[in-house]
Amino acid sequence: MISEKAPGKLFIAGEYAVLDNKCPAVIVGLDQYVYVSIEEATDGLISSKQYPDQLVSWTHQQGKIVASENNFAYVLTAMSFAEQYALTKGKSLKTYHLSIDSDLDSQDGKKFGLGSSAAITVATVKAVLHFYDLKLDEATVYKIATLSHYTVQGSGSCGDIAASVYGGWIAYQTFKKKWLLKMIKHGHLIDLVDRDWPGLHIKRLTPPEDLQLLIGWSQIPASTSDLLKETKRHSKSLTWMFYKASRRCVLKMIRGFETHNIELIKKQIRINRHLLHWYAKLNNIQIEIAPLTRLIKIGEKYSGAAKTSGAGNGDCGIVILDKKKEDAQEVYQEWQKNGILPLDFKVKQDSLEK
């Protein structure tokens with residue numbers, strides 16, 4: 001049996017602006033995973049421990065995957081793209097049972113907002129490429145997973161894909177969307193995987209030794225895609241002002257990582273929070289709901305720099321502390337008194353399995 005995994009993610013800074021290919025974001029991969037296992041079988045089957053009643057059977061017809069249902073759209077599309085790539089490498093298609101497990105939900109099935117669709121796409125691509133005995137380099141996995149995810153979702157920065165592939169702390173700038181859509185329509189898969197993508201930039205970051213990331217869950221799930229649909233973007237000039245300000249902020253934050261300057265990173269976290277307030281008001285959306293505001297105020301009370309993570313309107317918030325000067329336990333204790341659930345997740349960088 002072949003087994004692979006991919007971590008969930010959290011955005012640290014640069015949300016919304018990262019949709020523009022000139023605007024960076026800082027993102028982390030965590031030690032919470034989606035797991036995908038593949039075993040060769042006579043009949044094709046997809047199963048999930050989280051959804052035991054949603055078995056999907058599949059088969060190959062003229063070299064393409066045809067499924068009985070579309071319950072696992074991200075998985076099926078990732079399987080399809082990974083198999084297309086395998087065909088370009090001279091592999092013969094085989095049938096298998098693919099099974100899924102996940103750490104990315106709470107015990108009662110609520111999502112923490114850790115990018116489960118991206119992680120399941122990445123884990124599926126890794127597992128299928130491994131099954132066909134193909135090299136698992138990060139650039140190849142990222143590109144195939146992004147093509148798969150973008151085909152299903154049709155939007156987004158795919159920064160969550162990058163975090164699930166590379167893990168750890170990364171600085172990320174997205175590709176040029178119009179270029180990719182044109183290439184998907186007219187190009188060959190092998191050409192897309194083997195060439196550089198305009199605008200795309202992924203760089204690993206090394207955090208300062210005493211930087212500590214605290215994660216709190218509002219216990220209110222949110223939908224990134226719904227929030228993105230609600231953004232009116234009625235004023236291009238104001239939107240570009242937000243993009244430029246976010247770019248300046250995140251570039252300074254990246255400089256803080258490069259110079260191991262926790263105070264600079266914390267300063268930019270606070271600036272990014274205010275920029276997101278402005279963006280929310282501009283687009284008449286709610287990013288910082290009451291539980292997240294409580295989470296942030298408590299973090300700031302103990303000298304941490306705090307903000308929402310991701311699209312907001314629920315899910316998680318973060319606090320950056322200097323562990324030489326500030327006490328995480330004080331934050332955790334007050335969070336719990338105020339209905340915020342501390343998540344004991346750690347930033348984790350994993351090497352791709354060979």
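These legends describe close-up views of a predicted model.

The model is predicted, and local features need pLDDT of at least 70, side-chain atom pairs count only at pLDDT 80 or more, and totals for chains, interfaces and linings use all residues. Residues are numbered from 1 along each chain as its sequence is written, and side-chain values use heavy atoms, with hydrogens and water left out.

**View A. Helix H4 and its cover.** Helices (H or I, at least four residues) and strands (E, at least two) are DSSP runs, numbered from the N terminus. Helix H4 (residues 159–166) is mostly covered, as eight of its eight residues are buried, where buried means under 20% relative accessible area, exposed means over 50%, and partly exposed lies in between (1.4 Å probe, protein chains only). The cover over these buried residues includes strand S1 (2–13), strand S2 (25–40), helix H2 (116–131) and H3. Just after H4, Gly167 takes a positive phi of about 65 degrees.

**View B. His149 in helix H3.** His149 sits in helix H3 (residues 138–153), and because its relative accessibility is 0%, His149 counts as buried. Leaving aside residues up to four places away in sequence, His149 touches Tyr74, Ser117, Ala118, Thr121, Gly154, Asp160 and Ile161, a contact being heavy atoms within 4.5 Å. Among these partners, Asp160 and Ile161 are buried residues of H4.

**View C. Leu134 between two helices.** Leu134 is placed in the loop between H2 and H3, and it counts as buried because its relative accessibility is 14%. Although Leu134 and Lys89 are 45 residues apart in sequence, they are 8.4 Å apart in space, C-alpha to C-alpha. Lys89 is one of the residues that Leu134 touches, as are Tyr85 and Ala86.

**View D. The salt bridge of Glu15 and Lys307.** A salt bridge is a side-chain nitrogen of Lys or Arg within 4 Å of a carboxyl oxygen of Asp or Glu, and by this rule the count comes to 13 salt bridges. In one of them the side chains of Glu15 and Lys307 meet at 2.8 Å, N to O. Glu15 lies in the loop between S1 and S2 and Lys307 in strand S10 (residues 305–308), so the pair ties together parts that are 292 residues apart in sequence. Glu15 counts as buried at 3% relative accessibility, and Lys307 counts as buried at 0%.

**View E. The salt bridge of Glu138 and Arg204.** Glu138 forms a salt bridge with Arg204, with the closest N and O atoms 2.7 Å apart. This pair links distant parts of the chain, since Glu138 is in helix H3 and Arg204 in strand S8, 66 residues apart. Glu138 counts as partly exposed at 22% relative accessibility, and Arg204 is partly exposed with a relative accessible area of 33%.
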